[in-house]
Amino acid sequence: MSEGSWLLWGVLPYVVLAVFIGGTVWRYRYDRFGWTTRSSQLYESRLLRIASPVFHFGILVVIVGHVIGLLIPESWTRAAGLSDTAYHVVALGLGLVAGVCTLAGISLLIWRRRTVGPVFSATTRNDKLMYLVLVTAILAGLATTLLSGIGELTGRPQTDYRQTVSVWFRSIWVLRPDVEAMSAAATSFKVHVLTGLALFALFPFTRLVHAFSAPVGYLFRPYIVYRTRDTGTAAARRPVPRGW
Amino acid sequence: MAEQRRPVGRVMAQVAMVMNLDKCIGCHTCSVTCKQAWTNRTGVEYVWFNNVETRPGQGYPRRYEDQETWQGGWRRTRGGRLRLRSGGRLRKLATIFANPRLPSLQDYYEPWTYDYENLMTAPLGDDMPVAEPRSLITGRPTSITWSANWDDDLGGGPDLTASDPVVQRLGDRIKLDFERTFMFYLPRICEHCLNPSCVASCPSGAMYKRAEDGIVLVDQDRCRGWRMCVTGCPYKKVYFNHKTGKAEKCTLCYPRVEVGMPTVCSETCVGRLRYLGVVLYDVDRVGAAAAVPDPRDLYESQLDVLLDPADPEVRRAAARDGIPPHWIEAAVRSPVHQLISRFRVALPLHPEYRTMPMVWYIPPLSPVVDALGETGHDGEDVGNLFGAIDTLRIPVEYLAELFTAGDPEPVTAALRRLAAMRSHMRAVNLGEPPDPGIAESVGFDAEEIQRMYRLLAIAKYDERYVIPTAYGVDDADRGVIEEIGCSLDYDGGPGMSPVNHSAGLGEASGRTTPATVENFHALRVRQSSDRRGDLSGRVNLLNWDGNGRPRGLFPDRGDDSPKERS
């Protein structure tokens, strides 16, 4: 096991985790005003109304797929009576559909962003970097899905991610990173994991933070919100200045 | 026997407005001063918290009253419950990635400026250089096709009037009488509704109604830009700031109202047609009142929610619910309460949206008087006026579509009271004994008519605006506005550093540093530095000391710039 592997799979995840959590906390404390979707629907609605839902619903399925694939060990699905082949067929099939939707959605969104004048002029450098990393991560993820699928079909399966990536992922959270497991994964998985880590490191500093604001609470709150002036104004929230 | 009285539920106070449309001359002073005060920033160039529409006309944004398209406000289900017209909670979340009912910028108008630089830099030629329009959205040349008041004064014109949703609802009836056309102005701000559908539409819970004064606001720190409020508001008075990605709306100038001053639009109204005051209402009754089956009953049910502050039982309940005594007294003296509930001349705008709007309008008698005058009749004779109100169907029916969900009766009643006041006062001014029958015919006595006349025609500042200072604000602070620009200079706040903390999270992230704060830091640096021209922060025209060429203050000196003369 090389030092490089240790740095990549033993140290880097914790650095990213620290940046991700610390960055989010910092952003929330400092920049609540900048915490928004910064929607461009006012400029252009026709393309957005197709592309945005396709992308967002696609990526929601992708996220659910990742959670299942990374968190649930093989022994559990086997115990539930699901054969590995059946699991792989379902996972690859759903993953492919969701991944293609996500990619198609974001491609249309980026094309719109580039070609519709007002949307393009509202695009910051930060956005461009975020799109680059996001698309790379999606492409790398789709590549792993495709390569796994081809491997299954040709009878020369790749190393199973459930025995490598997932094991490593779970080991991170108990603070004993299983570097060997991750080192044994196929190169395509390594690329996907690295771009994924880059995305997480970038996440708190981009408009992606709006994902944390998914308004689930809306389902449970009363329609009309009343607030009193005292807690609502900046004057009341303002910390009392320290004396000289 | 007095009728069985309902117990008074939870009492809340609302700062409400009445506008006397007869006095509006359509000068747009309110709009301009409001824009200068609140929306003269990038991202809200197209936004007018206050706008003045010519009616009949399409309004701003265009055809905003067409709720079949925009789906604003509430609707009553068959079971008698209120639902947001654009769909319930699940529907809202399902369409959160692309709001299907969001007006586009073109429905408002694409804001523009002019290329004034061309006037100075155009080469010498035969033609006069012109300042061509430039879109404020793209910065590119644009052709101006619409604006906030493009159809100003064009009411009654067949092209634009035909696309007025109210005219369309009236259908063929209005076409028959097109020759007898009429026109009036409708100034609009946020209605600060008792049952606000924008608040109900906000997925983040960032919009709220202030418990003390009923002002509906957007918490800029909690808004996440989901844009559902824009759809939810049937008056289209919540706007999306396309630079900050947050919703913004009329604030009823709360920093002024809190210290007992009228809003900017009211203060600067040259026609003195706006009234501001407190009304007390029973919040427990709002839901049921907004859900009455027949939309034509909404005006009455809305009146029914309002409480009489002179009633001892109401006063006891108000005190019980924490409303301070000076607010209850202000409610008694409230011109708004008098115009709405006592004289019953003010009507709500589009009660059929079921939001219980709190900006009320006194319908204009002028179209009727004008029509009479044109036919050679005496426009101030009460008999003529009463007859005209009844026979001039179209203005009344049009007004009824605006103010009473189509019921002409309350509009006619309000117009008759105004007509009676006009006749009565003419007699008084001419030194004739006024006919007591005139006042009686509208249910008033002479004294009552005089009082209404004083409020509507004399309209003294202190009688138009009866605004108590906010809870906790001493009456001695009346008129003292804390400077908003300096609310950032708390310890460690963005205002305390000379650098603007935008940190590259998008152009709208962080907080912009107000010029006053920049100047403060520039002055401090200058006073404590050893050399001249040491400024490190952003230099603006106000704090530049004339030394050096600070970055960004002047255009770059390219090679093609004219050589300095020797």
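Mentor: Helices are DSSP runs of H or I with at least four residues, strands are runs of E with at least two, and both are numbered from the N terminus. This is a predicted model, where local features need pLDDT of at least 70 and side-chain atom pairs count only at pLDDT 80 or more. Residues are numbered from 1 along each chain as its sequence is written.

Trainee: How do you know how much of residues 47–73 of chain A is helix?

Mentor: By the DSSP runs: the span is 93% helix and 0% strand, and its end C-alpha atoms lie 40 Å apart. For residues 197–220 of chain A, the values are 25% helix, 0% strand and 34 Å.

Trainee: What makes strand 2 of chain B mostly covered?

Mentor: Buried means under 20% relative accessible area (exposed is over 50%, partly exposed in between; 1.4 Å probe, protein chains only). Five of the five residues in strand 2 (residues 51–55) of chain B are buried, so the strand counts as mostly covered. B:N51, B:E53 and B:R55 point one way, while B:V52 and B:T54 point the other way.

Trainee: Why is strand 2 of chain B said to pair with strand 7 of chain B?

Mentor: Pairing needs at least two DSSP bridges. Five bridges join these antiparallel strands, so they pair. Within this pair, B:V52 stands opposite B:P187.

Trainee: Where is confidence lowest and highest in chain A?

Mentor: On pLDDT, the predictor's confidence in each residue from 0 to 100, helix 11 (residues 234–237) of chain A is lowest at a mean of 45, and helix 2 (residues 46–71) of chain A is highest at 96. Chain A averages 89.

Notes:
Chains lettered and ligands numbered in written order. Heavy atoms only, no water.
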